[in-house]
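Thanks for coming. I have one structure to go through, and I will keep to a few local features.

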Amino acid sequence: MAVRGYLKESNQMSLAFEKRAYDKKVGEGGRIGCTIVTGSLGCGKTTLVQHILKNRGSLQIAVLVNEFGEIDVDSVLLDSSRINSRHGLSYVSLADGCACCRSSGKLKEAVRRIVNGQHNFDYVVIETSGLANPTAMAKELEETGVRLDMVVTVVDVENLDIILQTAVARQQLEIADIVLLNKCDLVSLGMISDAEDRVEEATGGTKAVRCRFSNVPLDLILNVTVSEPTATLASSFANSAVGFVSHEAMTPTLRPLLKNASQSRELPKVLKSSILSQHEHDARISSVSFSSDEPFSLAAFQDFVASRLRSCSGVLRAKGVVWFQESRSTRHIFHFSGKKRSEAMYGGAWESQPNIELVFIGRDRRELEELKRELLNLLASRLQTNIEFLGDRASAVDEFATLASSDVRFKVHEICSVQNNNPEVEFHSVVKFGLVGSALKGVHEGDLNAALMQVVNGRGIAFLTAGSSPKSGHWLQITFAGDLTPDGAWCEIKSAAVSVISKAFQGVCQCRCDIVAHMH
């Protein structure tokens, strides 16, 4: 059970407790509200949950995450175990099965702990696995003292053709009270309009909302109105921590306003639905997990993703936390989904023992097991200290850094080095570089480089990873192994930069000469 939310330390009753006490008198039973987030594999469900936690204001939210794989990777991505232990909350794993089937009993147990606990949460968000039919979950919630407000179905617009061919995905759409058309930045306006028509037909007219990175106003998906804190330095710093708002940075009046669910409440579609709660999973779909207390070589992992993982036809989803030898203090969040989209985003500094936790989900068990064996080989290759390889890679790194430095749109932040057996000899191993943003024009460097990484990685020639630090800001990093050359990588990155910059500065650049300078 991934539980997030700041908890009051004073003797005052929380708004949630007061409201439930009041609702008992007016007939609602004091039930805590709940939203179910569902959708196919890799559509952006966990990203939506992260968005909720980052922007919840003073709302105290409990999050339950259901994971199909053996390792509860989503809870690792949300960093829930550390959050729970900080607040003295227990942890209930809903991994290794979807909550509509094998994990059903654990789901009820987790929800009852929230309802009957002493923490007085304002709201509950449940994230299903990508293979779950939420119908059974929704009907079981009625037995646990939770009021289901809505089911939110997230859709990967780029992958809609495949989604509509899957029975479970169609069921997830049919019971949706709102549909989020996610990843709209990856497709044309024509494809988005077509997707809206097809979703409307599949859902019987359910409202569809366009978004990217699952970024939508919270009052669309939660039955609450979240009050925003005053933009002070303290509150800005507090909100920068994922899933946390410091009580010291909030004024007592900035509390969530819960909508009155007892007045003419409209039942969610799933509670009125005739869709059967039982379903059968595709027997071909399985998952394989990989864990390690040793880091990968960034060069080896980049080559693995670009040349091996992208060629696997049976892999539907891969995700987890990765650790690289070249940046030992940094946690990276890895995602592989949709039409071979891959990214390794900056996940902050390690606050626990560094490790690697990955889950692969696909239709071919043997292919997944083979990928796991190849990852074990990556760990072994990390220990190799071939002087010729290190020298060739250093030359490629220096050549790429020279190319990037010559382009005014880019900045080279750092060239990192590794040592051979001889501590006095170092070899350049990684280039940290990135596009230059414009604070005056509202183009954030982090967004610009995240978009560049997405486009480059989507083409499959190179694989970039993202990073950030207070001193250097936001950057991308690349190294060289296999068939990737500095010229080939730079050609792909330059080409991607044109479209990324054009889209980022569209409508915000007053002086056309600026955009011309960026487009050269």
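What covers the buried residues of helix 8 includes strand 1 (32-39), helix 6 (134-141), strand 4 (146-156), helix 7 (160-163), strand 5 (178-182) and helix 9 (189-203). Contact here is heavy atoms within 4.5 Å. Helix 8 spans residues 167-174, and its buried residues are V168, A169, Q171, Q172 and L173. Buried means under 20% relative accessible area, exposed over 50%, and partly exposed in between, with a 1.4 Å probe and protein chains only. Helices (H or I, at least four residues) and strands (E, at least two) are DSSP runs, numbered from the N terminus.

This is a predicted model: local features need pLDDT of at least 70, side-chain atom pairs count only at pLDDT 80 or more, and totals for chains, interfaces and linings use all residues. Residues are numbered from 1 along each chain as its sequence is written, and side-chain values use heavy atoms, with hydrogens and water left out.

Next, the strands. Strand 16 (residues 465-469) pairs with strand 17 in the antiparallel sense over five bridges; pairing requires that DSSP finds at least two bridges between two strands. The two form a hairpin, with three residues between them. W475 in strand 17 is the bridge partner of G467. Strand 17 (residues 473-478) also runs antiparallel to strand 15 (residues 426-435), joined by three bridges, and there L476 of strand 17 stands opposite F433.

Last, the cysteines. How many disulfides are there? The count is zero, taking a disulfide as a pair of cysteine sulfur atoms within 2.5 Å. For C211, the closest cysteine sulfur is that of C184, and at 6.2 Å this is too far for a bond. C211 counts as buried because its relative accessibility is 6%, whereas C491, at 48%, counts as partly exposed.
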